[in-house]
Each structure stands twice: as C-alpha cells, then as structure tokens.
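Me: I'd like to talk through a fold with you before I set anything up. Could you take me through the strands and helices as I ask about them?

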Amino acid sequence: MPSDSFKIGVNEMQQATILKVDGAFVDFQAKDIVNIVNDLLARDYKNFIINLHGCTDLNNYGVSILISMIGSIKQKNGKLFFTHLTNDQEKKLKMMGLAAYAEFVSDDKSALGTI
C-alpha cells in the first residue's frame with residue numbers, strides 16, 4: 001500500500017529556522033524533525049517556524065513528536081510557531097495543549113515579524 005512520502009525542508013535564517021513539512025506527519029519518519037531541531041539548537045538556533053502548508057495528515061503520533069521538541073526549544077529560551085495550518089490541524093494542536101507553548105500564525109512572514 002503506498003503511503004505519502006515525508007520530507008522536511010529547512011530554511012535557516014538569522015531570526016528563525018523555517019521547517020516546511022511535506023507529506024503525512026504520522027509515522028516514525030516524523031521523528032526526523034526532532035533530530036533536525038536538536039542539531040539546530042546545538043548550533044545556537046533557537047526560534048522555529050513549522051510550516052504545515054504541505055502537511056497532508058497530522059495524527060496524535062505526529063503531535064506527540066512536536067510535543068517532544070518543545071522542552072528543548074524552551075530550554076534555549078526559543079520560540080515555536082506553527083504556520084499555514086488547516087482548521088483541523090489547529091484544533092488538534094490546541095486540543096493537545098500546544099497553544100500554551102507555541103504560537104499559531106497565518107504565514108511565515110507574520111511569524112518572523114513577531115520575533
């Protein structure tokens with residue numbers, strides 16, 4: 001059975017790193033984002049924008065991966081933003097408590113403007 005491929009685009013900028021999710025954020029491949037964030041934190045990047053425009057699915061497993069990153073980002077006094085969310089994605093992330101630790105913004109440019 002074919003499944004959506006999962007890719008993460010990384011755009012390192014001075015103010016923040018934009019991580020563009022492409023595909024279904026539902027399986028063990030989603031853990032790649034944790035490794036990317038930890039690598040960037042080790043290189044003194046601390047603000048992250050997760051762009052979900054290309055995200056075709058986000059389940060509870062994917063949300064648990066996102067939650068696992070929050071502590072590391074907060075330890076560095078960093079900020080986490082989610083952009084380009086569908087209504088369902090935003091509801092799910094808020095229901096799982098991420099609104100207390102991240103900001104929900106319409107697009108990347110707006111998120112960069114608040115850093």
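This is a predicted model: local features need pLDDT of at least 70, side-chain atom pairs count only at pLDDT 80 or more; totals for chains, interfaces and linings use all residues.

Me: Fine. How many residues of strand β4 are buried, then?

Reply: Strand β4, which spans residues 79-83, is mostly covered, with four of its five residues buried.

Me: And which way does β3 pair with β4, parallel or antiparallel?

Reply: Strand β3 (residues 47-58) pairs with β4 in the parallel sense, over five bridges, and within that pairing N51 stands opposite T83 of β4. Between the two strands the chain passes through helix α2, residues 60-75, and this β-α-β crossover is right-handed.

Me: What about β5, how many bridges does β4 make with it?

Reply: β4 and strand β5 (residues 103-105) are joined by three bridges, again in the parallel sense, and F81 has E103 in β5 as its bridge partner.

Me: Switching to helices: at what angle do α1 and α2 cross?

Reply: The axes of helix α1 (residues 32-42) and α2 cross at roughly 10° and come within 10 Å. Since angles under 35 degrees count as roughly parallel, α1 is therefore roughly parallel to α2.

Me: Which residues meet there?

Reply: From α1, I33, V34, V37, N38 and L41 meet I65, S68, M69, S72 and I73 of α2. By class, this contact of α1 with α2 has seven nonpolar and three polar residues, and no charged ones.

Definitions and conventions: Residues are numbered from 1 along each chain as its sequence is written. Side-chain values use heavy atoms; hydrogens and water are left out. Buried means under 20% relative accessible area, exposed over 50%, partly exposed in between (1.4 Å probe, protein chains only). Two strands pair if DSSP finds at least two bridges between them. A crossover is right-handed if, with the strands pointing away from the viewer, the path from the first strand over the helix to the second runs clockwise. Axes are lines fitted to C-alpha atoms, for helices over the stretch in contact, and angles run from 0 to 180 degrees between N-to-C directions. Angles under 35 degrees count as roughly parallel, over 145 as roughly antiparallel, 65 to 115 as roughly perpendicular and the rest as oblique. Contact means heavy atoms within 4.5 Å. Ala, Val, Leu, Ile, Met, Phe, Trp, Tyr, Cys and Pro count as nonpolar, Asp, Glu, Lys and Arg as charged, and the others, Gly among them, as polar.
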